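Subject: Structure handover

Hello,

Here is the structure I promised to pass on. My notes on it follow below.

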Amino acid sequence: MSFRKLGLGFAAATLLAGTALPALAQDSVYVPLFTYRTGPFAGSGTHIADGMHDYLRMLNERDGGIGGVKLVLEECETGYDTKKGVECYESVKGKNPVVVNPWSTGITLPLIPRASVDKIPILSMAYGLSASARGDIFPWVFNPPATYWDGMSMIVKYIGEKEGGLDKLKGKKIGFIHLDAAFGKEPIPLLQEMAKDIGFEVALYPVAAQDMQNQSSQWLSVRRDRPDYMIMWGWGSMNGAAVKEAVRSGYPMDKFYSIWWPGEDDARAGGAGAKGFKMLNWHAVGTNFPAIQDIQKHVVDKGLSKAPKDKVGELLYNRGIYNSLLIAEGIAQAQKITGKKVVTGEDVRRGLENIKLDPARLKELGLEGFTDQLALSCNDHNGHRAAFMQEWDGTKWVKISAPIEPMTDRVKAQLDAAAKDYAEKNAGWPKRTEACDKAS
């Protein structure tokens, strides 16, 4: 486990659990970033880490931080490994972090029970446990702007519309190729329930972490089974390898869909044959936004970023920006609510529950048109926002659909049941210290 100090450049000190922050940081807000720049997932994680860091660093360089308070940024390398991720958490929790973002469903799950004890909010942005969207049951966990179950319902809905209606999926076969880990398994219960209700068949193709770059057996099975559609839940080197194998095996790319994690490099791995590959997304690509141009000016051009200049504005880099936008807004709202400049994790939890990214606020932040609006509340820690479908045209991602709303009628009941089941199975599960208003 290694750390890279960023932001304020305070005195070098090994991060050990229970160690206090250096004196220089007492008038600052501490934001640790769990990242992975090494290992088989680094191809995805590195770009996310760059975007996360650069947005927050830009706020330090341009604005002096948030609300006049500098941000102390520090990375902890997890390698996407759950054990290392938990070690990172234990190492930083004594530093008074205002939020942690695990960047792994596998790391998120064991941190959920710790959050209420340590009073540190967890931001698992569009990943992690879908049921944690229920803020009344999971008051310390936030997973906006959509859950994995929302995402699966959107993909099935979009495929159904292409067939002429969900009922037209009856008798069809949908293949699901996924990382054989907590992340990849998360949406399977919903997919199987929808298959039962609608009448389509599901074929599962799990990919072990050690086999991500060698998926020949899975795609031989796909050729044998001949599913009408393929849905992918991949990450790291799995995504590019899957696109490459799909092209090699002759699978029709216009029938190949993914949840929101492939980047440009993953699509490029399939060469010219990858044209037509589709995935969900909820934010823009590119640099044509004042805030991103400020990142280029204040961070990238000054040599304060690890990101290659040609990667700024690509999908995963901008995904990291979106993540840090949520962190920054949680801090800003906490300062507004409490009247304090140096806020705590408890304050930021309240701040996250009061996020309201409407068009006016996005314009104020220099991100007008970057993403759809988002509002969180005490009860709703997710927002369940729509996403759009985008397609690889051979060189870039192109938006090809209007916003696709999640199938709330199918998702909500199962999500509510899963949240209640989680609380019941974890004896002594802590309740909120303050009740949610039923209207919120």
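This is a predicted model: local features need pLDDT of at least 70, side-chain atom pairs count only at pLDDT 80 or more; totals for chains, interfaces and linings use all residues.

The UniProt annotation "domain: Leucine-binding protein" covers residues 29–394, and it comes from an unreviewed entry. Over residues 29–394 the chain is 43% helix and 14% strand.

**Two domains**

The protein chain is divided into two parts. Domain 1 takes in 27–147 + 285–385 + 417–425, and domain 2 takes in 148–282 + 388–412. Their centres, taken over C-alpha atoms, are separated by 26 Å. On the domain 1 side, 35 residues are in contact with 26 residues of domain 2. Between them, the two domains bury about 2,400 Å². Carbon and sulfur atoms hold 55% of that area.

Two salt bridges are found across the interface of domain 1 and domain 2. Separately, here is a pair to look at: D265 forms a salt bridge with K311, with 2.9 Å between the closest N and O atoms.

**The disulfide**

A search of the whole structure finds one disulfide. C76 and C88 form it, with their sulfur atoms 1.9 Å apart. The pair links distant parts of the chain, twelve residues apart. C76 sits in strand 3 (residues 71–77), while C88 sits in helix 2 (residues 82–92). Is the pair buried or exposed? C76 is buried, and C88 is too. The torsion about the S-S bond of C76 and C88 is about -75°, so the disulfide is left-handed.

**Salt bridges**

The structure holds 30 salt bridges.

- E90 and R114: their side chains meet in a salt bridge at 3.1 Å, N to O. E90 lies in helix 2 and R114 in helix 3 (residues 105–118), so the pair ties together parts that are 24 residues apart in sequence. E90 is partly exposed at 24% relative accessibility. R114 is also partly exposed, at 29%.
- K396 and D393: the closest N and O atoms of this salt bridge are 2.8 Å apart. K396 counts as partly exposed at 46% relative accessibility. D393 is partly exposed too, with a relative accessible area of 25%.
- K425 and D421: this salt bridge has its closest N and O atoms 3.2 Å apart. Both residues lie in helix 14 (residues 408–425), four residues apart, which is about one turn of the helix. K425 is exposed, with a relative accessible area of 65%. D421 is partly exposed, at 32%.

There is also a network of salt bridges, which links E90, K93, R114 and D118.

**Helix 12**

Why is helix 12 (residues 345–353) described as largely enclosed by the rest of the structure? Seven of its nine residues are buried, and buried means under 20% relative accessible area. The buried residues are G345, D347, V348, R349, G351, L352 and E353. They pack against strand 5 (141–142) and helix 11 (315–338).

**Two single residues**

H178 has its place in strand 6 (residues 173–179). H178 is buried, with a relative accessible area of 3%. Not counting residues up to four places away in sequence, H178 touches G184, K185, I188, L204, Y205, P206, V207, W233 and M238.

Q373 lies in the loop between helix 13 (359–364) and strand 12 (374–375). Q373 counts as partly exposed, at 39% relative accessibility. Leaving aside neighbours within four places in sequence, Q373 is in contact with L357, D358, P359 and R385. Q373 and P145 are 228 residues apart in sequence, and their C-alpha atoms are 9.4 Å apart in space.

Best wishes

Key:
Residues are numbered from 1 along each chain as its sequence is written. Side-chain values use heavy atoms; hydrogens and water are left out. A disulfide is a pair of cysteine sulfur atoms within 2.5 Å. Helices (H or I, at least four residues) and strands (E, at least two) are DSSP runs, numbered from the N terminus. Buried means under 20% relative accessible area, exposed over 50%, partly exposed in between (1.4 Å probe, protein chains only). UniProt positions are given in the numbering used here, feature names are shortened, and annotations may be inferred rather than shown by experiment. Domain bounds come from an automatic or database domain assignment. Contact means heavy atoms within 4.5 Å. Buried area is the accessible area (1.4 Å probe) that two parts lose on being put together, summed over both. A salt bridge is a side-chain nitrogen of Lys or Arg within 4 Å of a carboxyl oxygen of Asp or Glu.
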